[in-house]
Amino acid sequence: MSEKATTDVNEAGIAVHWQEEEYVHPTTDFIAQANMTDPTIHDQFGLDKFPNCFKQYADLLDWYEYWHTTLDTSDAPCWKWFVGGKLNVSYNCVDRHLADNKNKAAIIYAPEPESEDHLVLTYQELYVRVNETAALLQDFCGLKHGDRVTIHMPMVPELPITMLACARLGVIHSVVFGGFSGKACGERIADSGSNVLITMDSYYRNGKLLDHKVKADEAVAIANEEGQEVDKVLVWQRYRDKYNSETPMVDGRDYFTYDVLKEYRGKRIDPVWVPAEDPLFLMYTSGTTGKPKGCQHSTGGYLAYAAGTSKYIQDIHPEDVYWCMADIGWITGHSYIVYGPLTLGATTVMFEGVPVYPDPGRAWRIAEQLDVNIFHTAPTTIRMLRKVGPDEPAKYNYKFKHMTTVGEPIEPEVWRWYHKVVGRGEAAIVDTWWQTETGGFLCSTVPGLEPMKPGSAGPAVPGIHPIIYDDDGKEVGAGGGAGNICIQNPWPGAFQTIWGDRDRYVTNYYARYNTNPDSKDWRDWPYLTGDAATLSEDGYYRILGRIDDVINVSGHRLGTKEIESAGLVVQEVAESAVVSMADELKGVVPDLYVSLKPGYEANDALKKKIIDAVIREIGPIAKPAHVHIVRDMPKTRSGKIMRRVLSAISNGKDTGDVTTLANPDIVEEIQKMVQGG
Ligand code: PRX
């Protein structure tokens, strides 16, 4: 969420021109097997039943001590859920499945090189490895309940093993996305006060074995500069008997985890039963400005919410093979690769690499080979898969019953390709809208119950009660245009605070529409999501993007996504991104960047076709000043298009530091093209 979000919401009367799409209904086969088909579910989770309705989710867990108070608001807006309860997350994700399912696959790991076999960890094997690792963390590193540990690792099975080992001890983990730099990691080590860093020597990406340990040295140095000593660095190895990094191991600080683990073979650690409201993990959100914020997530509330939404929205059954292609270093991976699926005793697939390496069929080969039936990814990946291999899915023999899209609004054109080509027109799709801060889904259709509508996330999920406010705090009703979408009520998955900065938590997320800062009543504390949204008459929400992603053209606010979506209607276009460009007369005008599907050439006729499409889809108000046809978009390592960089180029400003992008070279190329010279 942007630092500006709480102040930069002074636009009323937003004009929305994105047309409503037709419903697409789930198949009868899907409905027949769905976990949730009870039409009264939303009533069961109505505001009149709040907060006790969430008992349903809490009861998906095993409690060491059952809780007595569903929601304690005495420290509003820091909510405490399931107070009095005690539980352990690793017990819920692992131990409790052993009695009936110890030989079942818990995690299936697909390494990037296809020459390497998949690795299957049964629940029993996971149990053994989590216990041994927990013993090491406790006895070798001296870690105990309440300590923080920073984990900077790529997509390898040792990552969830380490997270679960922390959870077993009640140690708070802070996983930093493996693609982040050493510097970013160091800042997060310092902020969380971790004195142990857990890292990896190397990993594969795009066919190359990358040196990862080198980042640990930088991270430790940065943490030291910020006053945080790191006593131990544990280094997992991609290949147990080799060290694939250029950097030397530092004597007395760096240890190969597999070497030390030999001391702990066969060790078992009793799960530490922690209070439900104890923190389970921190997840930093990286704003472009300001210090990263450590979102603190709870144990009982978070796990209950991850489990409940995994069951009813992801429709995970114990016998499913579920593959979420996100990285565990993001909240999606925490909730919907690790904690949700494992709590439910499902089989969760992890993939090390890039879905289009070595060729556009890679993702579908994994799906075929593992017989994946639930597939979860993001619009950016869907667009990429569509761009490089639009006909590829048809060549493979897999069958998805359910698919997810998350992270950005998805353009109806892209949605339809996902549904028709990837899902063979049979898979139910959920467009799940949520955030790092929210722990789990906020809006989505309940897939066995509600029809899909391309481009709309859907109604709120059970127990979530959104409200859209204008800048004066007046409710914007259904059909009333766009405003700032807030959530009226707390829910168990919501983060508890910003680590070490309660004031910032209150100011950024709760102060905007609060009228009585002393109130202990949750009704006085709507949660500000920082997104703009519209509500249509049928109760479906359409997320327009961040409040600061909205372009105001001559007093008409247009969601950037609307314009981008219009560009994508053009058959040749693979990706589109719009930024606002300063204009003397109109204030700002949209400037459109597009990349093409393979085999198409940039030319003026195509540019005109794209402009015409935007005018046709939205109206002349949205006409882009230019259409820049680029070879590729500047992207973050997690694949998000960097509109900030494009905006700097359009406006002739400094692009800032672009070295952390996945493809920094493209920036100069686009700059030359747009600015000449
Ligand atoms: O703007 C919304 C967008 O992503 C933001 C949250 O990003 P992050 O904390 O990184 O979490 C991503 C994974 C949940 C939101 O404020 N967003 C997320 N999901 C959607 C979305 N926008 C539209 N549709 C979605 N399904």
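What follows covers the sheet, then the helices.

This is a predicted model, where local features need pLDDT of at least 70 and side-chain atom pairs count only at pLDDT 80 or more, while totals for chains, interfaces and linings use all residues. Residues are numbered from 1 along each chain as its sequence is written, and side-chain values use heavy atoms, with hydrogens and water left out.

Let's start with the sheet. Eight strands make an open, mixed sheet, in the order 12-11-8-6-7-14-15-23. Strands here are DSSP runs of E with at least two residues, and helices are runs of H or I with at least four, both numbered from the N terminus; two strands pair if DSSP finds at least two bridges between them. Strand 12 (254-256) and strand 23 (497-498) sit at the edges with a single partner strand each, so one side of each has no neighbour in the sheet. Further in, strand 6 (residues 148-153) pairs with strand 7 (residues 172-177) in the parallel sense, over six bridges. In that pairing, Thr150 stands opposite Ser174.

Contact means heavy atoms within 4.5 Å; axes are lines fitted to C-alpha atoms, for helices over the stretch in contact, with angles from 0 to 180 degrees between N-to-C directions.

| Helix | Lies across | Angle |
|---|---|---|
| Helix 6 (residues 123-140) | strand 8 (196-200), strand 11 (232-236), strand 12 | about 160° to strand 11 |
| Helix 11 (residues 300-312) | strand 14 (279-285), strand 15 (293-298) | about 80° to strand 15 |

Finally, just after helix 9, Gly227 takes a positive phi of about 90°.
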